[in-house]
Each structure stands twice: as structure tokens, then as C-alpha cells.
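Hi there,

Here is the structure I promised to pass on. Have a look at it first, and then read on for what turned up in it.

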Number of protein chains: 2
Amino acid sequence: MVAYVGYNDPVWSWTLQRYNSREADVLIVGEKINTSRKGIEEAVRKRDAAYIRKVARDQAEAGAHYIDVNAGTFPDEESRHLCWLVETVQREVDLPLSLDSPNPGAISEALSLHKGEPMINSISLEEDRFESLLPVITSHPCRVVALCMARTSMPTTTEERVQVASELIGRLTGAGFPLGKIYVDPLIQPVSVDTRMGAAALGAIGEIMKAFPGVNTICGLSNVSFGLPARNLINRNFLALCISCGLSAVILDPTDRQLTSTLLAVEMLLGRDDYCGNFIDAYQEGRITG
Amino acid sequence: MVAYVGYNDPVWSWTLQRYNSREADVLIVGEKINTSRKGIEEAVRKRDAAYIRKVARDQAEAGAHYIDVNAGTFPDEESRHLCWLVETVQREVDLPLSLDSPNPGAISEALSLHKGEPMINSISLEEDRFESLLPVITSHPCRVVALCMARTSMPTTTEERVQVASELIGRLTGAGFPLGKIYVDPLIQPVSVDTRMGAAALGAIGEIMKAFPGVNTICGLSNVSFGLPARNLINRNFLALCISCGLSAVILDPTDRQLTSTLLAVEMLLGRDDYCGNFIDAYQEGRITG
């Protein structure tokens, strides 16, 4: 392999603009500690800390940068369970968490126990939710997922998503929240329901990264394949497309080698892996599933 | 699944422009009948028609729209072998062929035996090659692959590729060759040699499709992963990225289920598979590898 040449060369400007709207690696949020997943709800109910700690550890070792915790299947006791998860997971891994709840009260209590700078998942334009979460996130260093949910409806087109994102970004930064700590989630909807939903979300990622330099984008993958067979194949390819549109962060199962292999291959193909070093290292460590 | 809504709605314009620069499905050129591949050279030398016909049939049944024939490992007898391949393959399958040679003489002889409208692979700006092939392709209905090879060098950046493409398109259409029958090949180079080569080719596909509405783009996949491990994984993800940039046609092994599954998943995710029908049909017929 020949020497790597930097991106300062002006003839590479197009490529640079298109594919390098962010500098860092794609940030991985490990999604497994969610009480809607088999095993987790029972472990939370029984206070099986060993089980939760193992799931946290496995995700950390597989490369997660944040560990998501979600106790949404316990509407009446969400706050108590979320707090237990924060303490249990942070006793095991030295990582920040993604506090995943639509409930500002639960977020606020979990936040008070959290060590370091968490990600709050999520704020949106739904009233009450925005107004009650805003003081929480502006009074504590954190990153925030800004979900492209409009006041009363789900967006359908790229344009609607960009519009909602624009309003969310405007209100958050207007309140002093740093642009670089906002992660816009374009809201992934199933292509089985409307075949335009994949392209609409991909378009939104690209447009948002272009329109608001410095902001981040994030999404989960599995909604896109809802109702279809061969979901892993679809999710994997959707990940490839999202990354090519400039996605900064992704919520996924980092222990899924097919997904992380896709991530590494795509980053390399887009010119973001100097000397192909990350990919080759991962291959030599047995982390690539061909 | 709810009713499919057409693309005429203006709010979908962005998506439409970005992902629907072509109307038709991705055109598949089956690459297996190439004397550089194991088994093929021997079959050609021994005139083993049964073997060649089976490889042709398998590719046709797997969905190839064109069957590539290449006898490039026989520099002194290329023309004779290419002609035999044309007759042998077209005796078996009712498909047009891609006549794959840099040699205008061999192309011309093979073309005279070909039934239907072949694809000529390829013309380029290398002198002699352009001048001697031009009268051949303008005197016979055909499609042509226009390879982004400059007169004396390989292009490196997106901009250089677009420049060469522009000159090729200008000279071909200036000579009366129809724009819609030109397939620009951006020339895929290994990311192991220069990590920017993937993005440069992807950028070229997108820019060429945007700059010359009605033109087509085509490429092979495997060069991109030259020198790296897990090449199938890399090639598959490169295919996904190429399609998302608007690639019209691809040269691949159509019997590779992982590649064709990727193609179907990506087309669906980009909103080009009404009701997800092609994907679901393929799954039900056992053609999807998850």
C-alpha cells in the first residue's frame, strides 16, 4: 500500500464535502439493554445484576461507545428501574449511557445518578415533552437525541423531516444547547408500509448534515425492515446507505458481527479508514464476518 | 401494506432527484465467461461447448440481462475464440452479449456474428482504440461501455473521472451515438492502494448521472477490494454504495446470491421496488441469502 495522502488537496473537495461531513468514527450506541428485549425485562424485574452487567460488558467489548438503557415496558415504575440500570451498568463498564425514555421525570432521576456525560434519548417537538425536558438537558452536560417527530404527527417526506429538525435545532441552540451535542434522529419508518420511507430518511440524513454543519445524526435500523423477511440483510444494507449519507451515530447491537463488519467495510470504502487499518486489524482479530 | 403512491407528488422531488436518476432496474451483466476465470480458459481451448453453455444458462436463470464474453487471455487468437463464444452462448440463451475486448478487430468480427443488440466493452480515450472502434459501434445498433481511462493515464479523483467522461460522451454523441446507449465506467481502483479510490468512483457515478441526464453508468466490483481480506463483504457493500449513487448497470456474478440479495435489498430501500414486490418474490423463491 502506498502512502496515505491527506484530504487537503483541493481536487478532492467534492469527495470531502460529500463523505466527510463528520470527522470522527461512527459512534455506536449499544441497544441491547432494553426491557422490550427477551431476557432483559425479567432480569430487571428480578434485579439480576449479573445478567445486565454481562450484556453491558459484551457490548462494551464489541465496541459500543454508549450503552443504551431503556425500561419502557414498566410504565408505572420506569424511573425506579431506569435508575437501577444506570447504577448497575456503570458499576460494570466505564462508558457513558444513553438514557432512553420519553419520560422527563425518569430521565431526570436517572441523570442525577449517571457518571459522566450521558446521551438523552430523546427530545422532540411534542409539547410537554420538549418543555419539560429542556430544563433537564440544559442544566447538565449531555448529548441529546432530537427525534424528528412533529407536534401531532409523524413526518413522511425528507422535507418534513428537515423542517422538524430545523425547528428542533433552532429551539435547542436558542436555549444555549451546543449544536455539536445534538443528534438528530430522522425517524425510521418501515418500507413495507410505504416504499418511499427508506429514501425519505436517507435524504433527511444527507440534507440535515449539509444544512447544519456541526450537528450530528443518529438512528436505529430495525424499523426500516418491519414486516419483511430477511430483516438482518435489509438492516445491514440500510446501515451502509445511512453511513454513506453522513450518519454520525447508530443505535444497534454491537455484538452482531455482520452489522459491525458492514460498518467497517463501508467506512473503508468511503475513504475514512487510513491505510485500511481498522478493517485489516478487525479482520486479523477475527471480528470480520465475510 | 398500504397503497403505493406515485412519485409525481412534488414534495418527493428531492428523493426523486437523488435516487431516481434512472427509471429501469439495475441492469446485470453476467461476468463469468471470461478466460481469466478458472475453467473457462480450458473450456475455450478445448471447445467444450457444453461447459460454456451451462455457465451461460446459469447466469441467465439467475437474472443476467447481458452475458459478458471475454477471451483476453488468448492475445493471438482472441478474435477466433471470441467468435466461437458468441455463437456458443447465443445458441444456448436468448440474451444479448457484452463483447468484452480492448481489440477493435476482435469486437468487429464478434459483432458480425452477434444476434440482437450487444454491449461493446469498451471504448476509451486511448487513441487508436477510440478512433478504430468508433466506426464499428456507429455502424451497428449497440450499447457501449465508455471507460474513464484518459489518453495516457488512469484518473484518480472524481473530477478527473467526470472530465474524461465528459469528453467521451461529447465525442460519442457528436458522432451520432445515442446518449442513452452509453454506459460510463468510472474505473474502479483498489482502496488498498489509495483509500480515496472508493469515494472517488462513487462521487464520479453520482456526478456523471447528474451532469448528463439520460446517460448510464456501469462498473465491476472486485477491483475495489484487491489486496484486502473478506473481499466478498467489501464488494457487496461497494455495490450497495454504487447503487445509492445512481449506478445503472453492474458487471458481476449473478449466481452469487449474496450480491443479488444486496441488489434487491438496496433497490427496495431506495424506494424502487413497488410494494417491496421484487424482494418478497425473491425471498419466497429462495433467492435471498440473509
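Let me start with one helix of chain B. The buried residues of H5(B) pack against helix H4 (78-92), strand E3 (97-100), strand E4 (119-123) and helix H6 (129-138), which also belong to chain B. The buried residues in question, from helix H5 (residues 104-113), are B:Pro104, B:Ala106, B:Ile107, B:Ala110 and B:Leu111. They span an arc of only 155° around the axis, which places them on the same side of H5(B).

Before going further, a word on the model and its conventions. This is a predicted model, in which local features need pLDDT of at least 70 and side-chain atom pairs count only at pLDDT 80 or more, while totals for chains, interfaces and linings use all residues. Residues are numbered from 1 along each chain as its sequence is written, chains are lettered from A and ligands numbered from 1 in the order in which they are written, and side-chain values use heavy atoms, with hydrogens and water left out.

- Helices (H or I, at least four residues) and strands (E, at least two) are DSSP runs, numbered from the N terminus.
- Buried means under 20% relative accessible area, exposed over 50%, and partly exposed in between (1.4 Å probe, protein chains only).
- Contact means heavy atoms within 4.5 Å.
- An arc is that of the directions from the helix axis to the C-beta atoms.

**Where the chains meet**

Helix H9 (residues 231-244) of chain A and helix H10 (residues 257-269) of chain B have axes that come within 9 Å and cross at roughly 65°. Axes here are lines fitted to C-alpha atoms, for helices over the stretch in contact, and angles run from 0 to 180 degrees between N-to-C directions. H9(A) and H10(B) are therefore roughly perpendicular to each other. For the wording: under 35 degrees counts as roughly parallel, over 145 as roughly antiparallel, 65 to 115 as roughly perpendicular and the rest as oblique. From H9(A), the residues A:Leu233, A:Ile234, A:Asn237, A:Phe238 and A:Leu241 meet B:Ser261, B:Thr262, B:Ala265, B:Val266, B:Met268 and B:Leu269 of H10(B). By class, the residues of this contact between H9(A) and H10(B) are eight nonpolar, three polar and no charged. (Ala, Val, Leu, Ile, Met, Phe, Trp, Tyr, Cys and Pro count as nonpolar, Asp, Glu, Lys and Arg as charged, and the others, Gly among them, as polar.)

H9(A) also meets helix H9 (residues 231-244) of chain B, where the axes come within 10 Å and cross at roughly 55°. H9(A) and H9(B) are therefore oblique to each other. The contact is formed by A:Asn237, A:Ala240, A:Leu241 and A:Ser244 of H9(A) with B:Asn237, B:Ala240, B:Leu241 and B:Ser244 of H9(B). That contact of H9(A) with H9(B) has four nonpolar, four polar and no charged residues.

Helix H11 (residues 277-284) of chain A has A:Phe279, A:Ile280 and A:Ala282 as its buried residues. Seen down the axis of H11(A), they fall within an arc of 160°, so they line one face of the helix. Their cover includes helix H10 (257-269) of chain A together with H9 of chain B. After H11(A) comes A:Gly286, with a positive phi near 75°.

**Backbone details worth a look**

What is the peptide bond from A:Asn121 to A:Ser122, cis or trans? It is cis, with omega near 20°, and A:Ser122 sits in strand E4 (residues 119-123) of chain A. In chain B, the bond from B:Asn121 to B:Ser122 is cis as well, with omega near 15°, and B:Ser122 is in strand E4 of that chain.

A:Leu187 has a phi near 75°, a positive value in a residue other than glycine. A:Leu187 lies in the loop between strand E6 (182-185) and helix H8 (197-211) of chain A and is buried, at 9% relative accessible area. B:Arg47, too, is a residue other than glycine with a positive phi, near 55°. B:Arg47 is in the loop between helix H2 (40-45) and helix H3 (49-61) of chain B and counts as partly exposed, at 29% relative accessibility.

Happy browsing, and write back with any questions!
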